[in-house]
Amino acid sequence: MGPDQALPLPAEFTDVDAYVDSLLNFATSSWLLQTLCGGVHILDFFTRTEDLYSSLLSKEWRDWFQSRSMVDILDLFMREDLTQFDEQSSAGPDCIPSTSSAWRDGAPPPQGLLQYIKDVRAHLLDRRFPPPSSGLTVQKSSIARHVAVGMKVKKVHEVDNFSRYVDRLISYIASSGDREISHLVDFGSGQNYLGRALAAEPYSKHIVAVESKQHNIEGAKHMDVLAKLVDKPLIMRNKKEYRAGLLSSNDEGQKCDSDDCTSSPSTPSSNGSRSTTTAAEDNDEGKDVAEQKAATTTLQVYTEGQGSVQYVEHRISDGNLRPVVEQVIDTSRVQGAPVSSQPSVVAQLSDPQNLPKSTEPSLMVISLHSCGNLVHHGLRSLLLNPSVTAVAMVGCCYNLLTERLGPPTYKLPTLRASHPRLVSTSTAFDPHGFPMSERLVNYPLHTPDSAHDLNSNGGRGIRLNITSRMMAVQAPQNWGKEDSDLFFTRHFYRALLQRIFLDRGVVSAPVDDGDVVGGTASAAGHTSKVNWTPPNGFGPGIGPDGGTMPLTIGTLRRFCYENFVSYVRGALTKLTTPNSFCAVDPAFISEKMDGLTDENILDYEKRYSERKKELSVMWSLMAFSAGVVEAVIVVDRWLWLKEQKEVQHAWVEPVFDYKMSPRNLVVVGIKK
């Protein structure tokens with residue numbers, strides 16, 4: 001089942017160890033890579049006193065970029081065959097140039113640029129699907145139409161191919177003499193698209209769908225009804241009493257819908273215990289995660305195909321799955337008993353707490369696009385739970401990872417401390433964060449004193465700040481002319497608005513990390529501070545916890561991107577609206593931006609319009625280079641598995657088409 005090589009190596013390498021050595025060396029020694037991946041933020045592009053573009057790129061590179069269209073530049077980065085330039089460079093400097101040495105009716109790229117592109121490409125993992133050596137072919141989707149209800153084309157592609165992969169992996173584990181997998185545990189099941197496909201024919205697997213949000217579980221159960229995999233429950237009620245219940249629901253703390261009334265805010269399970277959905281930081285007693293309870297809300301047995309889905313409400317905060325394992329039901333004993341007198345595709349057992357539990361389950365933990373640390377928790381579950389035999393995790397959202405070796409630069413506002421009591425938590429190193437492997441934790445750094453590189457906090461250990469991790473979720477190989485023009489324009493608008501904010505005193509000029517109070521950049525990754533002191537704050541732009549206050553705009557309505565005036569007006573409306581999600585006082589922004597006319601806005605656009613291409617080139621270089629960052633993250637997870645003596649096999653390979661879904665690498669681990 002496993003591939004010939006444990007990693008999908010680029011063509012330049014044939015040995016896994018040689019590739020890992022070269023990858024880590026390149027990631028820690030290339031000044032340009034480190035600057036583009038973590039040292040540059042697009043919001044600083046027009047606000048720095050020293051021009052960012054000219055200070056990073058040589059005049060030779062800038063002149064060549066200026067003479068080329070963005071389509072040519074993107075093709076050179078990602079798609080052009082670079083061997084054609086090897087023949088030109090081998091001719092020697094004294095050779096008279098010929099017309100054949102031109103590229104696309106112009107001068108060929110500078111040799112320094114070509115070498116950098118080659119170095120980056122040489123360290124990008126091979127994302128081709130099916131993998132060339134796998135012997136697999138592209139197959140038409142086998143998911144039945146009624147099972148695929150609610151899925152878009154991208155989701156159908158992901159679920160269909162990953163379901164096939166999981167089925168093959170289970171067969172491989174069984175045929176290799178190990179224990180057969182009895183249940184699949186889906187981390188963060190959401191609407192249960194993956195679990196629904198695996199439980200239905202032709203796979204007929206037993207799924208334990210673990211989800212922390214009750215509304216997602218209810219949504220998944222509703223999807224089961226829409227998919228005609230479970231009958232809609234028939235409810236008989238007294239209308240007068242029901243209406244009376246609606247009128248008194250507010251006083252009694254209940255929520256009522258068209259089906260029934262349930263208590264709020266917590267949902268009691270059938271045995272009277274309440275399901276635990278509270279975040280770890282809300283647990284003032286600091287109880288161990290193992291003491292948290294998980295509640296089985298529903299078991300649905302698929303009589304057509306003999307698969308089942310067991311919904312478990314539980315918040316995953318580490319790899320300890322004991323609360324979930326204790327809830328796993330012995331479906332073999334359940335299926336033998338009659339559960340309904342009415343014929344239906346699925347029988348729903350409303351009181352799963354009284355059903356027989358499995359004494360020796362053999363579990364495989366799976367996940368399709370788990371965000372942030374959830375992949376780390378899934379991999380660690382292989383060691384922390386005797387019943388977990390294997391893991392197969394597809395990750396995404398690297399920007400939501402926490403940091404093991406340095407002060408956190410969180411993307412999620414909910415992860416930032418908002419109370420002095422949590423100051424120590426907000427500055428602590430997260431043991432669940434990146435990197436996982438001891439190899440990366442102890443890796444010696446080439447440039448420990450650099451203020452802008454990926455590794456700015458000591459002489460050992462590879463670190464990735466929020467900017468580098470955000471860029472790692474880009475998919476530049478999928479960029480076309482129209483969509484790239486669109487987001488180049490959006491980035492230009494946001495960077496230029498930041499310049500307006502600077503000129504009108506909303507934000508300060510960018511500074512080096514060492515000059516920022518607290519010693520860190522903002523949660524968004526750039527170094528400008530808001531010139532507003534929050535209540536109990538430590539200074540302008542510094543919150544009561546010592547962290548920076550982000551000036552977050554987020555996504556605007558589509559018409560706001562039609563021109564720069566509309567964008568500025570839409571952004572200001574959003575920022576100055578009372579109860580805005582932005583942490584900065586709307587009155588402060590209104591005061592600073594008062595008197596800004598459309599003519600002023602158009603003047604800014606005119607003055608900086610020629611630099612839009614410079615920003616586009618820089619963003620393209622950043623996104624292209626960040627493929628190395630993703631490789632480092634994925635390799636780190638594989639290295640961690642290889643370091644564990646309990647793990648027998650570990651590998652990484654693509655499981656669906658990059659064009660359909662760029663985060664297409666699965667990390668697999670099988671226990672001895």
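The tour runs from the whole chain to single residues.

**Ground rules**

This is a predicted model, so treat it as one: local features need pLDDT of at least 70, side-chain atom pairs count only at pLDDT 80 or more, and totals for chains, interfaces and linings use all residues. Residues are numbered from 1 along each chain as its sequence is written, and side-chain values use heavy atoms, with hydrogens and water left out.

**Whole chain**

Color by pLDDT (the predictor's confidence in each residue, from 0 to 100). The average is 80, and 76% of the residues score at least 70. Helix H7 has the highest confidence, at 97, while helix H16 (residues 423–427) has the lowest, at a mean of 42. Contact means heavy atoms within 4.5 Å.

Switch to cartoon. You get 23 helices and 11 strands. These are DSSP runs, numbered from the N terminus (helices are H or I, at least four residues; strands are E, at least two). Of the 672 residues, 53% count as buried. Buried means under 20% relative accessible area, exposed over 50%, partly exposed in between (1.4 Å probe, protein chains only).

Select H4, residues 59–66. Trp61, Trp64 and Phe65 are buried. Look down the axis of H4: these buried residues fall within an arc of 100 degrees, so they line one face. The arc is taken over the directions from the helix axis to the C-beta atoms. Lys59 and Gln66 are exposed on the other side of H4. Now show the cover over the buried residues of H4, which includes H2 (31–39), H3 (52–56), H5 (70–78), H7 (111–121) and H23 (612–643).

Next, select H22, residues 598–608. Its buried residues are Ile601, Tyr604 and Tyr608. They fall within an arc of 55 degrees seen down the axis of H22, so they line one face of the helix. They pack against H19 (481–503), H20 (564–576) and H23. Glu599 and Lys606 are exposed on the face of H22 turned away from the buried side.

Where does Glu158 sit? Glu158 is in helix H8 (residues 153–175). Glu158 is buried, at a relative accessible area of 1%. Beyond residues up to four places away in sequence, Glu158 touches Leu368, His369, Phe656 and Ser661.

Move to His369, in strand S8 (residues 363–371). Phi of His369 is positive, about 65 degrees, although the residue is not a glycine. His369 counts as buried at 17% relative accessibility.

**Backbone details**

Select Asn192, in the loop between strand S1 (183–187) and H9. Its phi is near 65 degrees, positive in a residue other than glycine. Asn192 is buried, with a relative accessible area of 0%.

Then go to Glu201 and Pro202, joined by a cis peptide bond with omega about 10 degrees. Pro202 lies in the loop between H9 (193–199) and strand S2 (206–211).

Last, select Phe129 and Pro130. The peptide bond from Phe129 to Pro130 is cis, with omega near -5 degrees. Pro130 lies in the loop between H7 and H8.
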